[in-house]
Amino acid sequence: MEFFAGMNESDFQLKGACTDCLAEVLHHTRGYIWQREPFSLEVHLAEPGDAVPSHLHGTVRFGDNIEDEWLIVSLLTMLTHKFPTLLARAWDGDGDFQLIEAAYALPAWVKPTRSANRVFLKRGRLHMLPREGVPRNPTLRQALALLGSNGVKSRVSTEVEAALAPRLKGYPQRALDELHQARCRLPASVAHVLRRRPQLVASAIHTFYERLPTDLKAAARMEHFPPEDFVT
């Protein structure tokens, strides 16, 4: 999954915005263990002549937990509400997955070949550039300019919002509420590491889930975490 967040700011301000966005996300997800990779943002500074302007960019592998994808959409929605100059979009290997989820509520003219650079989050709402007055295949710069114009009505219909509502209901708090907890007996050294970096639980589970015979041999030796001094 990838996501883009752009704003009409200088490169210096964009770096500050990245810090502010990450702090806001951490405030709402502190203690949450992501399935594969945590939410992240980095500043991408454009070079002269680049088709894509300077922006914030993130990539997350969410593994088998599709809910992490919708959690990220809720976080981007929240960020665009808190920072009104921010525009964001998210996509995965299937394309604009929000359109796929709301397929039966979309206008008939919306086709995969006409959705590129049309779907964005703006001020906490989903927007889609209309057919009228917009190039058939707008560039990203054109799309951002049109979304920044008050003359373009782009907010999606209430039917589209209703189709997406069940996916987003309760997030981001819902992610914390649905965390599974279990008591484990571990070497004290392992417990110490996981207490400081709980996201490593996801890495450990993923490694076990996709383990190879060579991995089992390495784990059996327990060279770095000897099976002694157990704690619960």
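Strand S4 and strand S5 (residues 119-122) run antiparallel and are joined by two bridges; two strands are taken as paired if DSSP finds at least two bridges between them. Within this pairing, Ala-88 has Leu-121 of S5 as its bridge partner. The model is a predicted one, in which local features need pLDDT of at least 70, side-chain atom pairs count only at pLDDT 80 or more, and totals for chains, interfaces and linings use all residues. Residues are numbered from 1 along each chain as its sequence is written, and side-chain values use heavy atoms, with hydrogens and water left out. Helices (H or I, at least four residues) and strands (E, at least two) are DSSP runs numbered from the N terminus.

S4 also pairs with strand S1 (residues 2-6), to which five bridges join it in an antiparallel arrangement. Here the partner of Phe-4 is Arg-89 in S4. Four of the five residues of S4 (residues 87-91) are buried, so the strand is largely enclosed by the rest of the structure. Buried denotes under 20% relative accessible area, exposed over 50%, and partly exposed the range in between (1.4 Å probe, protein chains only).

Nonpolar cores were defined as sets of buried Ala, Val, Leu, Ile, Met, Phe, Trp, Tyr and Cys residues joined through side-chain atoms within 4.5 Å. The largest contains 41 residues, and Met-1, Phe-3, Phe-39, Ile-72, Leu-76 and Leu-79 have the most contacts inside it. At least two residues of this core come from each of S1, helix H1 (11-29), helix H2 (66-82), S4, helix H3 (97-101), S5, strand S6 (125-128) and helix H5 (158-168). H2 gives the most, with eight residues. Another core, of ten residues, lies apart from this one and includes Phe-4, Leu-87, Leu-144 and Leu-146.

Three aromatic pairs are present in the structure. Rings of Phe, Tyr and Trp (its six-membered ring) pair if their centres lie within 6.5 Å; planes under 30 degrees apart count as stacked, over 60 as edge-to-face and the rest as tilted. One of the pairs is formed by Tyr-32 and Trp-34, edge-to-face at 5.2 Å centre to centre with 80° between the planes. Tyr-32 and Trp-34 are both buried. The ring centres of Trp-70 and Phe-97 are 5.2 Å apart and the planes stand at 90°, so this pair is edge-to-face. Because Trp-70 lies in H2 and Phe-97 in H3, the pair ties together parts that are 27 residues apart in sequence. Trp-70 and Phe-97 are likewise buried.
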